[in-house]
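Hello,

Here is the structure I said I would pass on. Please look through it first, then read the notes below.

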Amino acid sequence: MNILSIFVLIPLLMMLGLWISRNLNQIRTVMVTGSTMLLALSIYLAAAYISMRNAGADAEMLFTDSISWYAPLDICYSVGVDGISVVMLLLSSIIVFTGTFASWKLQPLTKEYFLWYTLLSLGVFGFFISNDMFTMFMFYEVALIPMYLLIGVWGSGKKEYAAMKLTLMLMGGSAFLLIGILGIYYGAGAETMNILEIAQKHIPLEIQKIFFPVVFLGFGVLGALFPFHTWSPDGHASAPTAVSMLHAGVLMKLGGYGCFRIAMYLMPEGAQIWGDLFLILTTISVVYGALSAVVQTDLKYINAYSSVSHCGLVLFALLMMTKVSATGAILQMLSHGLMTAMFFALIGMIYCRTHTRDIRELRGLMKIMPFLAVGYIIAGLANLGLPGFSGFVAEMTVFTGSFQNADLFHRICTIIATTSIVVTAVYILRVVGKILYGTCTNEEHLKLTDATWEERFTIICLVIAIAGLGLAPYWVNDLISNSVEPIISQLAVK
């Protein structure tokens with residue numbers, strides 16, 4: 001069996017194991033075993049990929065395999081990875097692993113919750129290994145559908161409204177994607193749905209003009225592209241902790257990945273024609289998301305709008321179409337995935353104790369729960385781009401690469417987008433000052449306990465990943481740079 005197919009097989013076996021589990025201990029055993037295997041497999045894959053590259057392998061995709069599924073439409077189960085896919089698989093496995101421990105005490109319907117959580121994970125892993133457009137779209141849908149139940153059943157607040165809004169908007173984006181995929185398929189000569197094979201052809205300019213905005217918009221909805229981002233804050237605020245971690249940390253990255261891998265790679269001339277319009281929208285996303293976070297009082301909404309800003313920065317960097325900015329975009333996806341997962345984990349842990357996310361009702365948490373408070377400070381410092389953490393590496397690469405564009409329009413957009421750095425510092429420092437310091441006036445909060453062992457383990461794992469990327473980004477950068485080059489060459493931009 002191809003090693004990449006194991007990323008799909010493990011979640012399927014986990015779902016089988018969950019189905020036959022009869023008590024909480026068995027459910028936990030299945031989840032810990034499966035998520036640990038996924039993490040170990042992704043680490044092994046990264047090491048094997050680097051080894052093969054160092055040995056001189058020059059194929060665009062490695063570990064490829066293809067099996068025909070539906071010959072009349074040339075649909076194949078076609079898999080393969082490059083450096084971008086490898087780091088996305090690594091990110092996904094880290095979030096699934098830590099999310100398992102963040103859900104350690106989830107009640108009720110624990111088995112059903114983890115079944116849908118694992119199905120969501122299966123869709124994410126399948127998406128990142130797919131080289132066939134239809135197979136990728138299928139896994140994309142598998143990843144989206146469980147969100148409705150995960151939020152609607154196990155969420156909080158206006159969970160039914162948030163679940164319905166999220167599902168309808170993302171399914172609307174899926175409709176655009178299906179139209180775009182069929183347009184590319186027939187525009188490329190109706191011979192294949194393999195992304196690498198289509199990239200070797202030249203899709204007619206008229207087809208690119210029509211279908212580039214359709215595909216980019218379809219993926220952009222999931223990437224929180226303005227003004228189609230409104231599902232994101234409500235969805236994040238209502239989702240249970242681990243679902244917020246996986247949704248913001250990984251699922252939203254499917255949007256940026258798809259925009260780069262399909263829309264821009266297969267329709268480079270369309271990207272040149274429509275790029276400036278979408279660049280304006282992404283610049284608005286970056287600044288608007290940051291400014292919106294400043295005025296929020298709910299911890300989850302603050303982080304949700306922060307995610308709109310940081311995911312907007314991913315699309316912004318991709319549309320700059322330089323090698324450095326595209327590398328920065330992938331680094332930003334990896335960095336933001338880790339940071340926002342840590343934020344949502346910490347917020348969930350604080351909420352479970354205080355039963356509030358309102359920053360006006362929280363004071364002096366540093367003395368009450370010092371481990372969680374220090375974790376929140378570390379996540380905040382990483383989010384605002386402190387050197388030594390992943391956020392600094394990613395944002396510096398994004399803005400340096402973006403400013404390489406010599407024309408006035410791109411540089412003005414870059415300057416506007418950089419203002420988000422200052423705004424991010426404002427809302428992060430504001431929240432840290434309000435909830436962690438000062439004197440706690442709520443007597444019930446004074447009786448609260450600090451993090452449990454599984455919560456500490458979750459936070460420590462994420463801190464190691466964030467600091468590791470910030471202190472030693474060179475190996476990830478090398479992986480990404482080599483894989484970005486073929487797509488940037490296709491775009492004919494230096």
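Notes on the loops

Methionine 321 sits in the loop between helix 13 and helix 14; helices here are DSSP runs (H or I, at least four residues), as strands are (E, at least two), numbered from the N terminus. This is a predicted model, in which local features need pLDDT of at least 70 and side-chain atom pairs count only at pLDDT 80 or more, while totals for chains, interfaces and linings use all residues. Residues are numbered from 1 along each chain as its sequence is written, and side-chain values use heavy atoms, with hydrogens and water left out.

Most residues other than glycine have a negative phi, and most peptide bonds are trans. Methionine 321 is not a glycine, yet its phi is positive, at about 55 degrees. Its relative accessible area is 6%, so methionine 321 is buried (buried means under 20% relative accessible area, exposed over 50%, and partly exposed in between, with a 1.4 Å probe and protein chains only).

Alanine 224 also has a positive phi, near 60 degrees. It is placed in the loop between helix 8 and helix 9 and is buried, with a relative accessible area of 0%. Proline 227 lies in the loop between helix 8 (205-222) and helix 9. A cis peptide bond, with omega about 0 degrees, joins phenylalanine 226 and proline 227.

Aspartate 132 and helix 4

Aspartate 132 is in the loop between helix 4 (110-129) and helix 5 (133-154). Is aspartate 132 buried or exposed? Its relative accessibility is 1%, so aspartate 132 counts as buried. Apart from neighbours within four places in sequence, its contacts (heavy atoms within 4.5 Å) are Asp74, Ile75, Cys76, Ser78, Met193 and Asn194. A polar atom of the aspartate 132 side chain lies 3.0 Å from the backbone nitrogen of phenylalanine 134.

Helix 4 itself has 20 residues and reaches 29 Å from its first C-alpha to its last, close to the 28 Å expected (1.5 Å times one less than the number of residues). Of its 20 residues, 16 are buried, so helix 4 is largely enclosed by the rest of the structure.

Salt bridges

Side chains of opposite charge can pair when their charged atoms come close. A salt bridge is a side-chain nitrogen of Lys or Arg within 4 Å of a carboxyl oxygen of Asp or Glu. How many salt bridges does this rule give? The count is nine.

One of them joins lysine 165 and aspartate 234, with the closest N and O atoms 2.9 Å apart. Lysine 165 is in helix 6 (residues 159-187) and aspartate 234 in helix 9 (residues 231-238), so this pair ties together parts that are 69 residues apart in sequence. Both lysine 165 and aspartate 234 are buried.

Another is formed by arginine 357 and aspartate 298, at 3.1 Å between the closest N and O atoms. This pair links distant parts of the chain, 59 residues apart: arginine 357 is in the loop between helix 14 (323-354) and helix 15 (365-368), and aspartate 298 in the loop between helix 12 (268-294) and helix 13 (299-320). Arginine 357 and aspartate 298 are both buried.

In a further salt bridge, the side chains of arginine 360 and aspartate 358 meet at 2.8 Å, N to O. Arginine 360 is exposed, with a relative accessible area of 56%, whereas aspartate 358 counts as buried at 16% relative accessibility.

Regards

Methods: A polar contact is a pair of N or O atoms within 3.5 Å; within protein, one must be able to donate a hydrogen and the other to accept it, and residues adjacent in sequence count only if both atoms are side-chain atoms.
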